[in-house]
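Please look over the sequence and the structure shown below before reading on.

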Amino acid sequence: RAQLTGVLGDLGAPATLREARRRDAAMASDPQAVPAALRKSILAVVAAHADAPTWDALRAAARAEASPLVRDTMYGLLATANDPAMAARALALAITGEPGETIGAEMISTVAETHPDLAFDFALANMAAVNERIDASSRSRFFPALARGSSDPDMVGKVRRYAEANLAPEARRDAETAVAAIQDRLKVRGERVPEIDGWLKRKGM
């Protein structure tokens, strides 16, 4: 049931979103209002589809949480928002002291799963603050990984310029891997989308 809730939430099923929000509101006054097995799934759905008031409420809950494990989870959920404006707020929060350095870095990576361009551009613009949150040995992997999911042709040049300016030639393997992934995605999109459009047109759809 928890898995089904997550899948339907990912699809944006209106009934699932309404029920998740209703249950989340109930948990605010009664933590036992939702079975323990469903709480994480419900919070994940609510966080992914959060508007500004909901995002603020989740952040307040994270601040107030006594359990370090649950607190870290809550901060991580703030970074899963589909809304770019909420994702930008999560990025800004990630480089403050509030979530902690380790969770801050994880939040940036989480934002990149849905908003790779936003996360990469933010990380470059705030490189010093981001570098404080990751080991020096991990930087050559961290920044390119943010961009890997991009579908923007301009990202190829951005990653290469980052690598040339900040990484020794022997440390650029992850950057080139990210570039290759982006180029492959663009190639597939360029080849397949016209084919799909043609098929739909032939079917009268």
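## Briefing on a predicted model

Asn-131 is a residue of helix α9, which covers residues 127–131.

- Asn-131 has a relative accessibility of 17%, and because buried means under 20% relative accessible area, Asn-131 counts as buried.
- When neighbours within four places in sequence are left aside, Asn-131 is in contact with Arg-139 and Phe-143.

- Thr-110 belongs to helix α7, which runs through residues 101–114, and with a relative accessible area of 18% Thr-110 is buried.
- Apart from neighbours within four places in sequence, the residues in contact with Thr-110 are Gly-76, Ala-79 and Thr-80.
- Thr-96 sits in the loop between α6 and α7, and its relative accessible area of 32% makes Thr-96 partly exposed.
- Although Thr-96 and Ala-129 are 33 residues apart in sequence, their C-alpha atoms are 8.7 Å apart in space.

**Helices α4 and α6**

- Helix α4 (residues 52–64) and helix α6 (residues 84–94) have axes that come within 10 Å and cross at roughly 30 degrees.
- Angles under 35 degrees count as roughly parallel, and therefore α4 and α6 are described as roughly parallel to each other.
- The crossing in which α4 passes α6 is right-handed.
- On the side of α4, the residues that take part are Ala-52, Trp-55, Asp-56 and Arg-59, and they meet Met-86, Arg-89, Ala-90 and Leu-93 in α6.
- Sorted by type, the residues of this contact of α4 with α6 comprise 5 nonpolar, no polar and 3 charged.

- Helix α8 (residues 116–125) packs with helix α10 (residues 139–147) at an angle of about 145 degrees, and the two axes are 7 Å apart.
- In this contact, α8 contributes Pro-116, Ala-119, Phe-120, Ala-123 and Leu-124, while α10 contributes Phe-143, Leu-146 and Ala-147.
- The residues in the contact of α8 with α10 divide into 8 nonpolar, no polar and no charged.
- Helix α8 also packs with helix α11 (residues 154–166), here at an angle of about 30 degrees and with the axes 12 Å apart.
- This angle makes α8 roughly parallel to α11, and the crossing of α8 and α11 is left-handed.
- From α8, the residues Asp-117, Phe-120, Asp-121 and Leu-124 make the contact with Met-155, Lys-158, Val-159 and Tyr-162 of α11.
- The contact of α8 with α11 is made up of 5 nonpolar, no polar and 3 charged residues.

**Met-155 in α11**

- Where in the chain does Met-155 lie, and is Met-155 buried or exposed? Met-155 lies in helix α11, and with a relative accessible area of 0% Met-155 is buried.
- Not counting residues up to four places away in sequence, Met-155 touches Asp-117, Phe-120, Asp-121, Ala-147, Ser-150 and Ile-182.
- Met-155 and Pro-116 are 39 residues apart in sequence, and the distance between them in space is 9.6 Å from C-alpha to C-alpha.

**The largest nonpolar core**

- In soluble globular proteins, nonpolar side chains tend to be buried together.
- Here the largest nonpolar core has 49 residues, and the members that touch the most other members are Met-107, Phe-120, Phe-142 and Phe-143.
- Once neighbours within four places in sequence are set aside, Met-107 is in contact with Tyr-75, Gly-76, Leu-78, Ala-79, Ala-90, Leu-93, Ala-94 and Pro-99.

**The protein as a whole**

- Read from the N terminus on, the elements of the protein run α-α-α-α-α-α-α-α-α-α-α-α.
- The protein has 205 residues, and buried residues make up 36% of them.
- When contacts between residues at least 6 apart in sequence are considered, 60% of these contacts join residues at least 24 apart.

Conventions: Residues numbered from 1 in each chain as written. Predicted model: local features only at pLDDT ≥ 70, side-chain atom pairs only at ≥ 80, totals over all residues. Heavy atoms only, no water. Axes fitted to C-alpha atoms, helices over the stretch in contact; angles between N-to-C directions. Helix = DSSP H or I, 4+ residues; strand = E, 2+ residues; numbered from the N terminus. Parallel < 35°, antiparallel > 145°, perpendicular 65-115°, else oblique. Left-handed = near helix turned anticlockwise from the far one by under 90°. Contact = heavy atoms within 4.5 Å. Nonpolar A, V, L, I, M, F, W, Y, C, P; charged D, E, K, R; others polar. Core = buried A, V, L, I, M, F, W, Y, C linked by side-chain atoms within 4.5 Å. Buried < 20%, exposed > 50% of the residue type's maximum accessible area, 1.4 Å probe, protein only.
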